Amino acid sequence: MSAIEDGPLHAVMGRVGRFSTRRPWLTVGAWLLVAATVAGLVLTFGRPADENASLPGATSQRGRDLLESHFAGAQDATGQVLFRSPDAALDTAAVTAAGQRIAGVAHVSSVAKPVLSADGRTAYLNVQLDLGPRDVTTELTTTVMNAAVTTGIETLPAGALAKPQADTRRSEALGIVVALVVLVIAFGGLIAASLPLLTAIITLVCGVGAIGLAGHLTGIPAVATTLGTMIGLGVGIDYALFLITRYRALLATAPPAVESTRPALSRGTATAGESVDPGRLAGPGPRSWREAAIVETVASSGSAVVFAGGTVIVALGGLAVAGVPILATLGWTAGLVVLVAVASATTLLPALLALAGHRISAPRVRSRRSVWGNLAGRVTRRPWRYAVTSVIVLLALAAPVAAMTLGQTDAGDDPAGSDTRAGYDAMAAAFGPGVNGPLTVIAQLGSPATVAADPRLTRLSAAVAATAGIASVQPVRLSPDGTVASIQAVPTTAPSDPASLATADRLDDLHVDDLTVSVTGMTAIRGELAGRVGSRMPYVIGLVVLLSALLVFAAFRAPVVAAKAALMNLLSVGAAYGVLTAVFQWGWGVRLTGLDGPVPIEAYVPMMLFALLFGLSMDYEVFLLTAVRESWVRTGDNARSVRDGLAGTGVVITSAALIMVCVFASFVLSSDPIVKMIGLGLAVAIAVDATVIRGLLVPATMALLGRANWWTPGRRQPAPERELVSS
């Protein structure tokens with residue numbers, strides 16, 4: 001037997017299910033109290049976001065640390081207010097007066113002198129704030145821009161004042177509506193269909209709310225909340241869907257005493273792909289029988305949900321070895337949401353099922369020769385044909401990944417019309433593309449000095465200005481203690497242009513006398529981040545594959561199945577990478593996503609997707625293999641077991657995958673290019689996984705492997721139950 005079918009976890013989950021079922025109001029009340037508390041805290045204190053990437057050990061990070069430790073306010077946000085007069089020369093006196101008004105706004109620490117464009121029609125003011133980037137609110141931006149209003153002059157925010165507005169409410173609403181439609185079709189009733197949505201919403205409130213509150217304690221990028229929302233909706237609905245399907249399958253075995261209490265209850269075949277032993281569920285009355293059915297659901301399918309969720313969390317935990325803080329943050333925040341989803345599915349849902357009572361009905365009688373049963377029959381009869389064809393399709397989808405290059409997006413990649421894009425484009429048009437991503441050269445002097453008395457600083461400034469790719473250089477700034485010098489240099493190229501990274505590398509290689517030079521700024525940090533992600537990617541992939549395979553082995557005690565599951569998931573991830581490369585890097589159909597053209601693939605997105613997709617793909621693998629394994633133990637017939645497993649889980653896995661695909665794809669509507677990448681990558685991988693891999697390749701390879709699927713080193717193959725009975 002496997003660990004899911006019979007083991008300590010099965011017993012523990014049975015006790016969890018029994019507690020929730022016998023104390024439903026207490027369980028529901030506890031969840032509602034936690035959700036209300038988290039929601040109240042979020043509404044009171046907000047959910048700050050921090051987009052400043054850090055990279056411990058990098059040269060650029062060392063430079064930023066020196067800058068922040070020696071220059072007061074260097075860690076605070078700096079924004080720009082742009083003034084533009086399209087028809088005539090700009091009135092610089094009016095701009096200066098606007099700067100004086102802005103200086104009086106709360107949280108504005110200083111306003112620099114106007115910087116005028118070559119044609120005299122555009123100027124900008126650097127606005128130094130006394131807040132960190134994650135504390136800059138939309139209200140503050142509005143107040144600053146109201147103070148900047150000048151008759152006859154257009155004003156635009158830029159930099160830290162142009163806050164990205166990646167509103168995901170439309171995506172969330174669309175995902176919930178589609179999920180409801182799919183669930184109503186799958187369950188044939190509104191009550192049963194609404195329960196997975198209720199658990200998913202509670203998961204979102206608790207999980208995503210906790211992520212937002214954590215932003216007050218540590219830097220949390222805005223994409224972490226969006227990713228948590230996507231994952232919370234997807235797995236929150238899917239886990240509940242699997243449990244309710246199992247519960248309804250058990251109801252189909254109801255004794256006459258239960259059936260007579262409710263005319264709508266009809267006997268039928270199980271659709272969850274799992275064997276049902278009515279003797280284990282027998283009780284003196286309908287209520288106790290239903291209670292036993294819920295407990296058995298949590299003990300069996302709940303154990304599978306724990307294994308599936310654990311696989312996702314373990315895969316996300318593998319991101320910690322990358323040495324990239326933003327990946328570690330995205331990993332633990334997404335893992336937190338998965339943990340909440342598992343908890344709500346195995347505690348809140350059983351309580352809701354107990355309260356729903358006879359309103360949740362058994363499935364209608366279905367023919368075993370379903371669409372999935374017919375497909376399984378064809379695949380197991382001609383496994384080589386389907387295996388080879390599936391591999392060819394997957395390799396074709398994955399082929400573009402060979403050309404994938406990692407880069408960094410900037411505000412110029414945001415959709416046209418957004419505040420961030422408008423400010424970025426206006427600054428670039430008037431002052432050159434590099435003004436949106438200046439580089440800062442930091443030099444350690446060794447001992448206190450002054451600009452006038454230290455010729456090394458004059459030579460350093462000249463060397464920076466003479467470096468290829470530099471458009472302009474600002475005067476040297478010295479720290480108050482005179483030991484650190486700072487020079488801001490504007491490149492000739494945009495922040496997302498690879499040429500800007502090459503310019504940063506050339507500045508890093510400068511040797512002027514005995515000065516220790518390092519280059520910082522978001523462009524330099526993100527460039528080094530891309531390099532580190534590329535170098536650590538093989539280690540993360542190896543660790544995630546190994547840990548996930550070990551978890552599947554622990555669940556089924558079958559090394560062949562575990563190795564095959566890991567290989568299949570690599571193929572689905574490769575297909576997702578290939579589509580990402582073709583769409584975003586090559587521009588194939590990129591306009592359909594709402595972008596103007598090709599954009600760089602953000603450096604951390606592929607590694608994040610790998611961990612997440614590997615874990616999510618294992619979900620379906622666990623549920624399918626659980627059904628196949630149970631049929632194998634009953635019959636000992638490999639081909640029949642594969643057919644029974646696919647036929648029994650086909651509908652539920654397809655429904656679950658359809659919900660996930662729609663939820664993830666809906667986030668392509670977001671204005672954030674990174675969210676679009678994650679949404680499309682997840683949607684493609686889940687679609688491929690649930691169709692080509694689970695529907696064709698997995699049953700074909702299992703048919704080819706035969707009894708080797710369930711081989712365990714050092715142990716005899718167990719005799720199937722039918723042989724034990726006949727003997």
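Visitor: Why is arginine 64 called buried?
Guide: Buried means under 20% relative accessible area, exposed means over 50%, and partly exposed is whatever falls in between (1.4 Å probe, protein chains only). Arginine 64 has 13%, which is under 20%, so the label is buried. Before we go on: this is a predicted model, where local features need pLDDT of at least 70 and side-chain atom pairs count only at pLDDT 80 or more, while totals for chains, interfaces and linings use all residues. Residues are numbered from 1 along each chain as its sequence is written, and side-chain values use heavy atoms, with hydrogens and water left out.

Visitor: How do you know that arginine 64 and glutamate 68 form a salt bridge?
Guide: The term asks for a side-chain nitrogen of Lys or Arg within 4 Å of a carboxyl oxygen of Asp or Glu. This pair has its N and O at 3.9 Å, so that passes the 4 Å limit. Glutamate 68 itself sits at 33% relative accessibility, so partly exposed is its label.

Visitor: How many salt bridges does the structure hold?
Guide: There are 12. One of them joins arginine 459 to aspartate 513, with the closest N and O atoms 2.6 Å apart.

Visitor: What makes that pair a link between distant parts of the chain?
Guide: Arginine 459 is in helix H16 (residues 455-466), aspartate 513 is in the loop between helix H17 (498-508) and strand S11 (516-520), and 54 residues separate them. With 42% for arginine 459 and 48% for aspartate 513, the label is partly exposed each time, because both values fall between 20% and 50%.

Visitor: Why say that the buried residues of helix H5 line one face?
Guide: In H5 (residues 138-148) the buried ones are Leu140, Thr141, Val144, Met145, Ala147 and Ala148. Looking down the axis, they fall within an arc of 155°, so they line one face of the helix. The arc is that of the directions from the helix axis to the C-beta atoms. Glu139 and Asn146, on the other side of H5, are exposed.

Visitor: What makes up the nonpolar surface patch?
Guide: Trp384, Val388, Ile392 and Leu704 do, over about 430 Å². Patch residues have over 30% relative accessible area and no salt bridge; like charges are joined within 9 Å, and nonpolar side chains (Val, Leu, Ile, Met, Phe, Trp, Tyr) within 5 Å.

Visitor: Which residues gather in the patch of positive charge?
Guide: Arg378, Arg381, Arg382 and Arg385. Lys and Arg count as positive and Asp and Glu as negative, with His and the chain ends not counted. Arginine 381, in helix H13 (residues 371-381), has a relative accessible area of 55%, which is over 50%, so exposed is the word.

Visitor: What makes the phi of histidine 107 worth a mention?
Guide: Phi there is near 75°, a positive value in a residue other than glycine. Most residues other than glycine have a negative phi. Histidine 107 is in the loop between helix H4 (92-103) and strand S2 (108-111). Arginine 557 also has a positive phi, near 55°, and lies in the loop between H18 and helix H19 (559-585).

Definitions and conventions. Areas by Shrake-Rupley, 256 points an atom, 1.4 Å probe, with all protein chains shown as cover. Charge placed at Lys NZ, Arg CZ, Asp CG, Glu CD. Helix = DSSP H or I, 4+ residues; strand = E, 2+ residues; numbered from the N terminus.
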